[in-house]
Amino acid sequence: MKEQILAVQRMQDYIADHLEKEITLSDLARVSLFSPFHSHRLFREHTGLTPAEYIRRMRLSQSALRLKNEDCRIIDVAMDLGFGSVDGYTRAFHRMFGCNPKEYALSPLPLPLFTPYGVKFRELRKEQIDMENVQNVFVQVIHKEARKVILKRGIQAENYFPYCEEVGCDVWGILTSMDSLCGEPVCLWLPERYRKPDTSIYVQGVEVPLDYNGVVPEGFDVITLPAADYLMFQGEPFREEDYCQAIMAVQHSMNRYDPSVIGFVWDDENPRTQLEPRGERGYIELRAVKAKQ
């Protein structure tokens, strides 16, 4: 992988680890191993944002999550995340999200939170994947009650990267700002019955209760899924740079697995579900099953 890509990734990692501290261009230059001038240029070239813009978006998005999930004062959030004053923080929050922090804290609505994708992952997905050393994959049966899913449809996408190219990266930020039954957004491969004409198989969304009557973001749809059993396939924890191999290992095992050995058959009338790949917990996918007749 190019040294410039790794340099930008080191700067992104440093920002994520020091979000509540002062971050200077000199700090970023030190971890990038380039001069301040070249660090700034490389960062903007590969992320589309200056370091200052990137840091501000990350801090504002983190502040929104704190306001939604914690009982905290706006002044404390502003100061903790490096804003010089409540007025400055309020103006920046309004410019990014179209509402002020106090309004949002009282009545959280879906917001387009900034999603800081690591630049190295664009390169890693191009590399060849060796399936010789497949990790252990753990399988367990879980039950999901009937629920709704608020989702954003793509056009033709059948997996993650084409989907992001079709709908943009803001979708995940909006979903992250919303409460989900499983605690996080989900990615789904929709069976034909849940698709609309000329829309994608692969979608992203959040699971909400059947009686949900809250806001549905503009351009999103709602589907209702029945109660069902699922096999949850979970791989071993992995290093971030090995995320492609981790996904392939789980999908390889799932494709080879015979559910009849535990009394089930595949239920392809319900969506297959993917959770965000996180190295500390391993990659997770769920596939619906029903009792073998």
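**Exercise 1. State what the buried residues of α2 pack against, and list these residues.**

Solution. The buried residues of α2 pack against α1, α3 and α4 (51-69). Contact here is heavy atoms within 4.5 Å. Helices (H or I, at least four residues) and strands (E, at least two) are DSSP runs numbered from the N terminus. Next, the list: in α2 (residues 25-32), Asp27, Leu28, Ala29, Val31 and Ser32 are buried. Buried means under 20% relative accessible area, exposed over 50%, and partly exposed in between, with a 1.4 Å probe and protein chains only.

The model is predicted: local features need pLDDT of at least 70, side-chain atom pairs count only at pLDDT 80 or more, and totals for chains, interfaces and linings use all residues. Residues are numbered from 1 along each chain as its sequence is written, and side-chain values use heavy atoms, with hydrogens and water left out.

**Exercise 2. Describe how the axes of α1 and α3 cross.**

Solution. Two packed helices are described by the angle between their axes and the distance between the axes. The axes of α1 (residues 3-17) and α3 (residues 36-47) come within 9 Å and cross at roughly 90 degrees. Axes are lines fitted to C-alpha atoms, for helices over the stretch in contact, and angles run from 0 to 180 degrees between N-to-C directions. α1 and α3 are therefore roughly perpendicular to each other, a class that covers 65 to 115 degrees. On the α1 side, Gln4, Ile5, Val8, Met11, Gln12 and Ile15 take part; they meet Ser39, Leu42, Phe43, His46 and Thr47 in α3.

**Exercise 3. Decide whether Tyr163 is buried or exposed, and find its contacts.**

Solution. Tyr163 is found in α9 (residues 160-167). Its relative accessible area is 0%, so Tyr163 is buried. Leaving aside neighbours within four places in sequence, Tyr163 is in contact with residues including Lys152, Arg153, Tyr202 and Gln204.

**Exercise 4. Characterise the salt bridge of Asp268 and Arg287.**

Solution. A salt bridge is a side-chain nitrogen of Lys or Arg within 4 Å of a carboxyl oxygen of Asp or Glu. The side chains of Asp268 and Arg287 meet at 3.3 Å, N to O. This pair links distant parts of the chain, with Asp268 in the loop between β7 and β8 (272-274) and Arg287 in strand β9 (residues 284-291). Asp268 is partly exposed at 48%, whereas Arg287 is buried at 17%.

Definitions and conventions: Parallel < 35°, antiparallel > 145°, perpendicular 65-115°, else oblique.
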